[in-house]
Amino acid sequence: MNALLERYKALTEREQKLVILSGVFIVIALFYFAIWSPLNNALAQQQKLLDNQQSLLVWVKDSAARAQQLRRVSGSEKNFSGSLPQAVNRTTAKHDIAISRMQPQNDELQIWVDQAPFNDVLEWLKSMENMGVVILQADITTADAEGFIKIRRLRLGKA
């Protein structure tokens with residue numbers, strides 16, 4: 001440190017002012033590029049993320065309100081009445097789905113399917129919901145063949 005101070009004192013007055021000015025400029029540049037700019041960029045990025053999350057929250061709340069309204073409207077119109085096993089047999093025959101096991105339990109019905117085309121199962125479940133049947137629980141996995149699924153357990157109930 002003493003060697004630097006001696007070298008500084010050996011400089012002319014004009015060179016000393018230039019060294020001090022350069023030092024101040026380097027300190028300001030270091031502050032800006034090492035501290036201010038990264039913090040400012042991080043703050044802007046977090047603000048953008050917050051705005052995106054807030055807009056997502058608004059969309060989810062709107063969608064939830066719309067879904068509840070649709071449930072109330074559709075729930076009051078579609079109450080399934082009749083035999084659940086008969087309705088399942090009738091609709092699975094239309095969609096070419098082979099049920100391997102069916103077990104009634106009170107007002108619910110449990111179904112197992114070894115292998116069925118994914119799109120056919122979706123259409124079948126959609127038609128069941130349109131009839132007023134509610135899907136209470138579904139345990140579905142992929143089957144051996146591509147495009148096919150296996151229903152390990154599907155619990156259906158009346159709305």
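**Overall architecture and the four-stranded sheet**

The protein chain contains four helices and four strands. The structure described here is a predicted model. Read from the N terminus, the elements of the protein chain follow the order α-α-α-β-β-α-β-β. The domain assignment divides the protein chain into domain 1, covering residues 1-72, and domain 2, covering residues 82-156. Taken over C-alpha atoms, the centres of domain 1 and domain 2 are separated by 57 Å.

The overall dimensions of the chain were examined next. Along its principal axes, the C-alpha trace of the protein chain spans about 105 × 40 × 25 Å. The radius of gyration of the protein chain is 35 Å, whereas a compact globule of 159 residues would have a value near 15 Å. Of the 159 residues of the protein chain, 18% count as buried, that is, they have under 20% relative accessible area. The accessible surface of the protein chain amounts to about 12,300 Å², and carbon and sulfur atoms contribute 56% of this area. Among contacts in the protein chain with a separation of 6 or more, 55% are made by residues 24 or more positions apart.

The four strands form an open sheet in the order β1-β2-β4-β3, and their pairing is antiparallel. Strands β1 (101-105) and β3 (133-142) stand at the edges of the sheet with a single partner strand each, so one side of each is left without a neighbour in the sheet. Neighbouring strands of this sheet are turned against each other by 15° on average, direction ignored. Strand β2, residues 108-117, pairs with strand β4, residues 148-158, in the antiparallel sense, and seven bridges connect the two. Within this pairing, Gln-110 has Arg-155 of β4 as its bridge partner.

Two helices are in contact with the sheet. Helix α3, formed by residues 84-94, lies across β1, β2, β3 and β4, and runs at about 15° to β2. Helix α4, formed by residues 118-131, also packs on the sheet, where it touches β2, β3 and β4. The direction of helix α4 makes about 5° with that of β4.

Note on methods: Residues numbered from 1 in each chain as written. Predicted model: local features only at pLDDT ≥ 70, side-chain atom pairs only at ≥ 80, totals over all residues. Heavy atoms only, no water. Pairing = 2+ DSSP bridges. Axes fitted to C-alpha atoms, helices over the stretch in contact; angles between N-to-C directions. Contact = heavy atoms within 4.5 Å. Domains from an automatic or database assignment. Rg over C-alpha atoms; globule rule 2.2 N^0.38 Å. Buried < 20%, exposed > 50% of the residue type's maximum accessible area, 1.4 Å probe, protein only. Areas by Shrake-Rupley, 256 points an atom, 1.4 Å probe, with all protein chains shown as cover.
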